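Hi,

Here is the structure I promised to pass on.

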Amino acid sequence: MRQRTFWNFFLIIPLLPVIVGIGSFIYPRFSDFSDLTISHLPNAVFIANAIREHGFIPLWSGMLMAGYPFSADPLSGIWYPPAWINILLPAPLGFNLTAALHLLWAGLGMTAFLTRSGLKKPASLFGGIAFAAMPKLFAHLAIGHVSMVYAVAWLPWLLLAEKRREESGAPRFSRILPGCVLGIAALADVRSLAYAAMLYFLFRLWFWITKNDGKLAVKSAAAQIGGFLGQVVFAAGIAAAQLLPLIQFSALSTRAALTPEEALAYSLPFKKLLNLFIPEFGGYAEWITYPGAVVAFLCILILATPGLRRRLIFWLLLIAAALILALGSNIPILRWLGSLPGVNLLRVPARLMFLAGIGAVVAASHALDALITEYRRPKFDPIFWMVAVAVLFVGLVIGSAAMGLPVGANLIWGSAGMVLATALIGLAERVKLPPAVIAGAFQALLILDLLGVNLQSVQYRYEQEVYNEGAGIVEFLGQDQSLFRVYSPSYALPQLTAVKAGIEMASAINPLQLTTYADWLYAASGAARQGYSVALPPLDDSDLSQSNRGSRIAAEMLGEANVKYILAHYPIENAGLEQVWQEGDVRVYAINSWRERAWIERSTGAGGGAVLVEYSAGKILLSGEGPGRLVLAEVWYPGWRVKIDGKEAAIFRVANIWMGVELPEGHHQIEFSYLPILQLVGIAVSIACWAAVWILAWLGRRQ
């Protein structure tokens, strides 16, 4: 037991890129943007502020898009317990610590699964290191997809849970373990549920086929399908607190209207298949495919060795299927995938490369285990194919250098890795060395390769550098003590800076946007609509500062939405706007027709008269004189309720977007509160499922 614990300490090595920058923000090497500081960290700050100032976890947020259902947003981080480290600890320490723990958890899970699959400890540890240090995983961490990293870390544990469930004599608790792990992964990032369920279904199906020696019976197959669906339903129950509100939010969002082409927008380009052998330093996370030279060449060894190929056919098929599906719209016959229900919520076929990565790691670990135990070289030496691939890329390096063409460091790195992997596999085939020596050499090459790639793919930015972006604007706006919103067509104020300063934004970067609000903002901002965009209004990836330049802004419409200031990197010539501040190329314009957050419309046509008493996340108190129609410039959404002097009243939509209520004659206290029924039902279902988990665990322990 002590020896096993000692070897597991080697799984800390893949965490070095995170440990080195534990006090800094990790960004992609060639980018100044990360979803961590655009979405995840602002959400954590918002939750912490709401708890500190109001004493409750916010279900609604008015920080973006004139209000949206915060608890239904999968990026909110409310429902995944480990993510609360990010709320309780200061950033970037909290996020880096959570990421490091999940990478370690990923490595431990893969090591445990491979050990339970019968591999020797050195080979299992090799797999744990290869998975925890997978460049695709680190690329997504650097670009800020932290919730995706959390979810992927649970996939080896899902395989282990299914293997444990299938074993004879397993305790009662093991029967629901796969569903439990699926549910936890969904809480980490609900988008992972589709990929995790796909992996689970295929692994369960293959396990069943091999267990029955390929003898398939209809009754047994039906039981397996029923069992799989039961686990998925239980997983949905575990994650119901997130799933039920999300289903409603998604149906009312712009994601529901994605075209098949937009649903497959991030398909893996064919040319990225070359990166299975050549790493990318700081490449786009969605298209990273490099598993490590030694992992790739061990897979070639499997393909060229009939015995290994037959034994590991499932993992080879998983790799092939994931690669093909990841290509998405680049394969004409697969373009129909974009029209399937639910695919429009995924939108990134390239993330199937996580499954290909898992398949490659498991297969390579089995190959290494064979090399250190019972490997028999076939008549046609697999080294031939490895030499051919290595010579191809080395020749490309030499040829390019001879012709005076630039040779990328990544090409040199990958070619060197292929040469070393070929030499190492050839040595292990031909020379009988102690298993520990062979495994140690493979692990050393793997660590050197993947650590080098990951360290060269990220940059570290200091805390103050990130937090001070837009500081001048915040200082100026902080002089205005009224409740207002700001709008920026060119992302002049980062969302993190705005949330930390308590400045509400009419614009936003968020994957889920209510369709009614998006339609309204396009009309109010004059921005050109070109299909789905995570940014509202859309931003120019080539130059954010020039985004939406020349758009005709309807200042009066924005003013009615409580937008008081417009922030832009360029001059705006528009009636109803007055420039009030400038620093560098950033300008602040005040809207002359700005209105308070709420007002009362009377039959006489006169407005005004509403007084804002309290404004917090999901609770708004007002007072005003009736009769008249009180209009609140907060987005209407199912779950909002209103009371007039403590009595329930009916909310109706104003201009199809804002909330309104009729006031009778006299002075009244009006309270708007957000407490959606679906959220309460989801929480109740999740609690019930977790109670079932604890009861079965207790019974299993007694057994």
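First, the ground rules. This is a predicted model, so local features need pLDDT of at least 70, side-chain atom pairs count only at pLDDT 80 or more, and totals for chains, interfaces and linings use all residues. Residues are numbered from 1 along each chain as its sequence is written, and side-chain values use heavy atoms, with hydrogens and water left out.

**Cavities**

There are six cavities of 30 Å³ or more in the structure. A cavity here is a set of points, on a 1 Å grid over the protein atoms alone, where a 1.4 Å probe fits but cannot get out; lining residues have an atom within 4 Å of a point. Grid points are joined across faces, edges and corners, and a volume is the space filled by probe spheres set on the points.

The largest cavity comes to about 170 Å³. It has 21 lining residues, and those closest to its centre are His40, Leu75, Ser76, Gly77 and Ala83. Helices H3 (35-54), H4 (85-88), H8 (146-152) and H10 (177-188) each give two or more residues to that lining, with H3 giving the most, four residues. Helices (H or I, at least four residues) and strands (E, at least two) are DSSP runs, numbered from the N terminus. By class, the lining splits into 14 nonpolar, seven polar and no charged residues. For those classes, Ala, Val, Leu, Ile, Met, Phe, Trp, Tyr, Cys and Pro count as nonpolar, Asp, Glu, Lys and Arg as charged, and the others, Gly among them, as polar.

The second largest cavity holds about 80 Å³. Of its 14 lining residues, Pro42, Asn43, Leu64, Tyr68 and Val499 are the closest to the centre. H3 turns up here too, with the largest share at five residues, and helix H24 (495-501) supplies at least two. This lining has nine nonpolar, five polar and no charged residues.

**Salt bridges**

I count 17 of these in the structure, a salt bridge being a side-chain nitrogen of Lys or Arg within 4 Å of a carboxyl oxygen of Asp or Glu.

Arg430 pairs with Asp381, their closest N and O atoms being 2.1 Å apart. This one links distant parts of the chain: Arg430 is in helix H20 (residues 409-430) and Asp381 in the loop between H18 (353-371) and H19 (383-402), 49 residues apart. Arg430 is partly exposed at 45% relative accessible area, while Asp381 is buried at 16%. (Buried means under 20% relative accessible area, exposed over 50%, partly exposed in between, with a 1.4 Å probe and protein chains only.)

Glu504 in strand E4 (residues 504-505) and Arg485 in strand E3 (residues 485-487) are 19 residues apart, and they form a salt bridge with closest N and O atoms at 3.7 Å. Both Glu504 and Arg485 are buried.

**Gln513**

A polar atom of the Gln513 side chain lies 2.9 Å from the backbone oxygen of Asn510, and one lies 3.0 Å from the backbone oxygen of Val534.

Cheers

Definitions and conventions. 1 Å grid on protein atoms, 1.4 Å probe; cavity = no way out; pocket = protein on both sides within 12 Å on 5 of 7 lines; lining within 4 Å. Polar contact = N/O pair within 3.5 Å; in protein donor to acceptor, adjacent residues only side chain to side chain.
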